[in-house]
Amino acid sequence: MEDDCSIEGIEGKHHPRVMLALGMFDGVHLGHQAVLNLAVEQAKKFAGTAIAFSFPEHPATLLRPEQAPPLLMNAETKARHLVKRGMKEVILQPFNHEFSQIEASRFIEFLTRHIPTLHTLCVGKNFRFGKNRMGDHAFLQETAHSAGLKVLVADSESWGDHPISSSRIRLALSEGRIEEVNQMLGREYVMEGLVCPGNAVGREIGFPTLNLNWSPQAHPVFGVYAGTATNLKTGQKLPAVANYGLRPTLEELNTEPLLEVHLLEEPEAEHWKPGIELRMEVHSFLRTERAFESLEELKAQIQLDKNQALEMRTSL
């Protein structure tokens, strides 16, 4: 995929029969994947190109900033996942005042002006568009038909008797229900970032950690997680536990959350050090973060966390 761009960046590129998947796609969960799959299927059927149309920030950031939801993914991560789901290009359209004023009745005209080979639009049942969100999927079908375009509407995907949504995933994440998060995402939740130097406290108490620069908008509940750490430089995968939080036992006045990953198997030390990129795929939530009376009590709990993580791994 080329650099992420606004819709103007598509102009001048020849994409025969563009199948456009439209949506915010925050999290690229199973419901979003149903929309993306429609675009991919149509692209294969008509020898076309599947392209995603989304926004780098939530529209509410401009329209209702006090109500804007924290995002599960930044724009770069979202674009990467959209490409994994078969999108040949990703349009990240800035949601500015000018764009927000496009009437629903003029939306198709806006799209075809920039994408003259537009063939099919793929959306979800809750898709809304146009000024004041006046357009829905039925109106999109009506206006697209007049322009000779096809609109496909994906059925909602459900989990636990309710439709999957980004807001449901945010709530489950904030409550430590990682297994539910993973079910709705259709993959394991990921913590990912650059390993940075730490103060070596973990090593001093017998549990060395890799500290990550990781600050998501929609963050998980502070606590301890079990999963698999991958060194993105070498590709080596190792079982691990991660603590995400404020470390109240060690840093009373810390206000910035820190992600610390402790490997459960001995790594190749020269390849696991500050400067590498590390991905932590989270399988389970072990416990919430809390302050301990002493370092000895903390060490004992960390050992229990390790044992639990290893037991869970052997049961998989």
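Biologist: How do the residues of the lining of the largest pocket divide into nonpolar, polar and charged?

Modeller: Ala, Val, Leu, Ile, Met, Phe, Trp, Tyr, Cys and Pro count as nonpolar, Asp, Glu, Lys and Arg as charged, and the others, Gly among them, as polar. Here the lining of the largest pocket has 19 nonpolar, 15 polar and nine charged residues. This is a predicted model, with residues numbered from 1 along each chain as its sequence is written. Local features need pLDDT of at least 70 and side-chain atom pairs count only at pLDDT 80 or more, while totals for chains, interfaces and linings use all residues, and side-chain values use heavy atoms, leaving out hydrogens and water.

Biologist: What volume does the largest pocket have?

Modeller: Rolling a probe the size of a water molecule over the atoms shows where empty space is left. On a 1 Å grid over the protein atoms alone, a cavity is a set of points where a 1.4 Å probe fits but cannot get out, and a pocket is an open set with protein on both sides within 12 Å along at least five of seven lines; lining residues have an atom within 4 Å of a point. Grid points are joined across faces, edges and corners, and a volume is the space filled by probe spheres set on them. The largest pocket comes to about 1,200 Å³. Among its 43 lining residues, Met24, Asn126, Phe127, Arg128 and Arg133 are the closest to the centre. Two or more lining residues come from each of α1, α2 (60-63), α4 (97-100) and α7; helices (H or I, at least four residues) and strands (E, at least two) are DSSP runs numbered from the N terminus.

Biologist: And what volume does the second largest pocket have?

Modeller: About 740 Å³. Of its 30 lining residues, Asn74, Thr77, Val190, Glu192 and Trp214 lie closest to the centre. By class there are twelve nonpolar, eight polar and ten charged. Helix α3 gives the most, with six residues.

Biologist: How many cavities of 30 Å³ or more does the count come to?

Modeller: One, and about 350 Å³ of space lies in the largest cavity. Asn243, Glu260, Arg287, Leu298 and Ile302 are the closest to its centre, out of 21 lining residues. That lining takes at least two residues from each of β11, β12 and α10 (295-314), and divides into ten nonpolar, five polar and six charged.

Biologist: Which residues of the largest nonpolar core touch the most other members?

Modeller: A nonpolar core is a set of buried Ala, Val, Leu, Ile, Met, Phe, Trp, Tyr and Cys residues joined through side-chain atoms within 4.5 Å. In the largest, of 31 residues, the answer is Tyr189, Val261, Leu278 and Met280. The elements that each supply at least two of this core's residues include α7 (166-174), β8 (189-196) and β13 (277-288). Apart from this core lies another, of 29 residues, with Phe55, Phe110, Ala144 and Leu149 among them.

Definitions and conventions: Buried < 20%, exposed > 50% of the residue type's maximum accessible area, 1.4 Å probe, protein only.
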